[in-house]
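Read it beside the model.

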Amino acid sequence: MSSTSTATLRKHDFEARVDDVKTPKSDINVLILDYLTMEGYPNAAAKFSKEANLQPHQDISSIQARQEIQTCIYSGNIQSAIETLNDLDPEILDDDKALHFSLLRLQLVELIKSCNAADGDISPALKFATEQLGPRAPTSPQFLEDLEKTMALLLFPPETLEPQLAALLDPDLRREAANNVNRAILERQSTRREAAIRHLVRLRAWAENTAREQGTLLPVTLDIGLRGTESTNSNRRTLHPENGHEPMVTT
């Protein structure tokens, strides 16, 4: 009985090898500061750089500008987000027509939601669609398709929408837009569009899949280690109010 129990609790050889790898704390700290900087957590980045005795990776004012834009998008105030982005760098939306159209479409979605929640007067949404998206839609088949889907929100009650249309009302649309804007700003300001840890997570997933395809003996499941413990979750809640970001969970 004892031997069976011991065998059951015995670690997989791969897990034992992982435990033997000691990652320098300084490397972990650099990754954490990079994530806080790139994702737009100015207060946390400033505090962490002092605590870890690291030089800030970016000027705080730059991080705050990205945070302000993302916060506007998360709250549904798309017009303010566009104006603030233009104040920061007007060439971003001039050069990226797809990004500009996606923000205007999101603004239309927010207008439609406001119309439905108020007196049902859809004229503000129709006026905005005609003036802002109408002239742009014919320049791209994707733009035209996106506009047609969005306008369909005016025709059907939210509870009867097909999944494809209901997704336009999901908060994920705001999150996607905020992430795309953040990457666009970072691309203008630096050589990278995202935090290094996101690349490492994808690289790790690729390595696991490749190893399994080649028949390497691995545990049935490998925890990527980002969900963390209770203390980790507590840290996430501390970061969350800074810019409305959801915790990064990549599988």
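## Terms and basis

A contact means heavy atoms within 4.5 Å. By that rule, and not counting residues up to four places away in sequence, Val-181 touches Ile-69, Ile-73, Leu-85, Leu-99 and Leu-103.

The model is predicted: local features need pLDDT of at least 70, side-chain atom pairs count only at pLDDT 80 or more, and totals for chains, interfaces and linings use all residues. Residues are numbered from 1 along each chain as its sequence is written, and side-chain values use heavy atoms, with hydrogens and water left out.

## Nonpolar cores

A nonpolar core is a set of buried Ala, Val, Leu, Ile, Met, Phe, Trp, Tyr and Cys residues joined through side-chain atoms within 4.5 Å. Buried means under 20% relative accessible area, exposed over 50%, partly exposed in between (1.4 Å probe, protein chains only).

The largest core holds 38 residues. Ile-73, Leu-85, Leu-103, Leu-108 and Val-181 have the most contacts inside it. Helices supplying at least two residues each include helix 5 (60-74), helix 8 (97-117) and helix 12 (172-189). Helix 8 gives the largest share, nine residues. Helices here are DSSP runs (H or I, at least four residues; strands are E, at least two), numbered from the N terminus.

A second, separate core has 12 residues, among them Tyr-35, Ala-44, Ala-52 and Ile-63.

## Cysteines

Cys-72 is buried at 13% relative accessible area. Cys-115 is buried too, at 6%. A disulfide requires a pair of cysteine sulfur atoms within 2.5 Å; the count is zero.

## Lys-25

Lys-25 lies in helix 3 (residues 25-39). Lys-25 is exposed, with a relative accessible area of 65%. Lys-25 and Ala-52 are 27 residues apart in sequence, and their C-alpha atoms are 9.7 Å apart in space.
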